[in-house]
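Please have the sequence and the coordinates open while reading.

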Amino acid sequence: MPELPEVETIARGLHDLLVGKRCTGLHAGWKKLFEPSFAAVNRAVVGRLLTDVTRHGKYLFLEFGGFDDAGKPSRLMLHLRMTGQIFTIADFQPDKHVHARFSFGEQNIWWRDIRKFGRIALLKEGAKADPPANIGPDMLKIGFTEWLRRLSQRQAPLKNLLLNQQIASGIGNIYADEALYRAGIHPLTTPFSLQAEELKRLFQSIRHILRLAIRYQGTTFSDFVDFSGRPGNFRRRLQVYGRTNEACYRCGTPISRLKLAGRSAHFCPVCQSETTHP
Ligand SMILES: [Zn+2]
């Protein structure tokens, strides 16, 4: 599943490639992909200039300027969810999983999604430039104090809280595991059992891991490829995620895995021991 670094990689790629270009066509083989409807999205983007590409958490936003004569700008929100992919390569060969194509003259954006969970939504006119109301601040933009305030209201394992997009958005399973390992914190630890400096260390670890992953253009596990079809390079930098039973790079102990809220948590039982403070 694409997380913040993968979506940021796509956003930067699309920004460099397409901002300032005019959308000349929209074609869809599966129209339920669009909200509120294909016709509404088609009307809102075809003939308009793409003026910006931004990201919030795991959401991607395409902004289109008004028509030359009249009309208000429009804003599309793209959510790749589990298996959504975006391709822009010229010789891309669409298969049966490609559901839509945006054209910008010669340049195309292909939307491919095997499991069809992804969505392309037209935001309401005048809607604030923010993602849905239940999505928290972006993990790379939120400050420590605000993050801690939102986190401390919940009594749950930290791994679950990191995945909770209402607290802060952008982290998924891979980067949650990596950040907890870097901070030396067991995934089942609750915020209440940690001291302020440990939570600060976790916050800094999350930021560090996300920024590093962006520099390496994300992690490819099964599906993620960047906008031009290249896999992300962060996979070989992973310390715990996907390394069950392999030796911890710090202490040599086999990496453990446990099931938590239906997801896997990977951790080193020695470097991330379950310590609590009285
Ligand atoms: Zn270890």
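What distance separates the centres of domain 1 and domain 2, taken over C-alpha atoms? In this predicted model, the two centres are 29 Å apart. Domain 1 covers residues 4-122 and domain 2 covers residues 144-267.

**Domain contact**

The contact draws on 17 residues of domain 1 and 17 residues of domain 2. On the side of domain 1 that touches domain 2, the elements giving two or more residues are α1 and β6. The most comes from α1, which gives eight residues to that side. The residues on the domain 1 side divide by class as follows.

| Class on the side of domain 1 that touches domain 2 | Residues |
|---|---|
| Nonpolar | seven residues |
| Polar | seven residues |

**Helix α1**

Helix α1 takes in residues 4-18, 15 residues in number. From its first C-alpha to its last, α1 reaches 21 Å, close to the 21 Å expected at 1.5 Å a residue. G20 follows α1 and has a positive phi, near 95 degrees.

Which residues of α1 are buried? They are L4, P5, E6, V7, E8, T9, I10, A11, L14 and L18. The cover over these buried residues includes strands β3 (50-56), β4 (59-64), β6 (84-87), β7 (98-104) and β8 (107-113), together with helix α6 (196-215).

**T88**

The loop between β6 and β7 holds T88. Is T88 buried or exposed? T88 counts as buried because it has 20 C-beta neighbours inside 10 Å, and a residue with 20 or more such neighbours is classed as buried. T88 and G25 are 63 residues apart along the chain, and their C-alpha atoms are separated by 15 Å.

**Nonpolar core**

The largest nonpolar core contains 61 residues. Within this core, Y175, A179, L180 and I206 have the most contacts. Helix α5 (residues 173-183) supplies the largest share of the core, seven residues. Both domains take part: at least three residues of the core come from each of domain 1 (4-122) and domain 2 (144-267).

Which residues does I206 contact, leaving aside its neighbours within four places in sequence? The contacts of I206 are then with M139, I171 and A179. A179 is itself listed with I206 among the residues that have the most contacts inside the core.

Conventions
Residues numbered from 1 in each chain as written. Predicted model: local features only at pLDDT ≥ 70, side-chain atom pairs only at ≥ 80, totals over all residues. Helix = DSSP H or I, 4+ residues; strand = E, 2+ residues; numbered from the N terminus. Expected span 1.5 Å × (residues − 1). Buried ≥ 20, exposed ≤ 12 C-beta atoms within 10 Å, placed from the backbone. Contact = placed C-beta atoms within 7 Å. Core = buried A, V, L, I, M, F, W, Y, C linked by C-beta atoms within 7 Å. Domains from an automatic or database assignment. Nonpolar A, V, L, I, M, F, W, Y, C, P; charged D, E, K, R; others polar.
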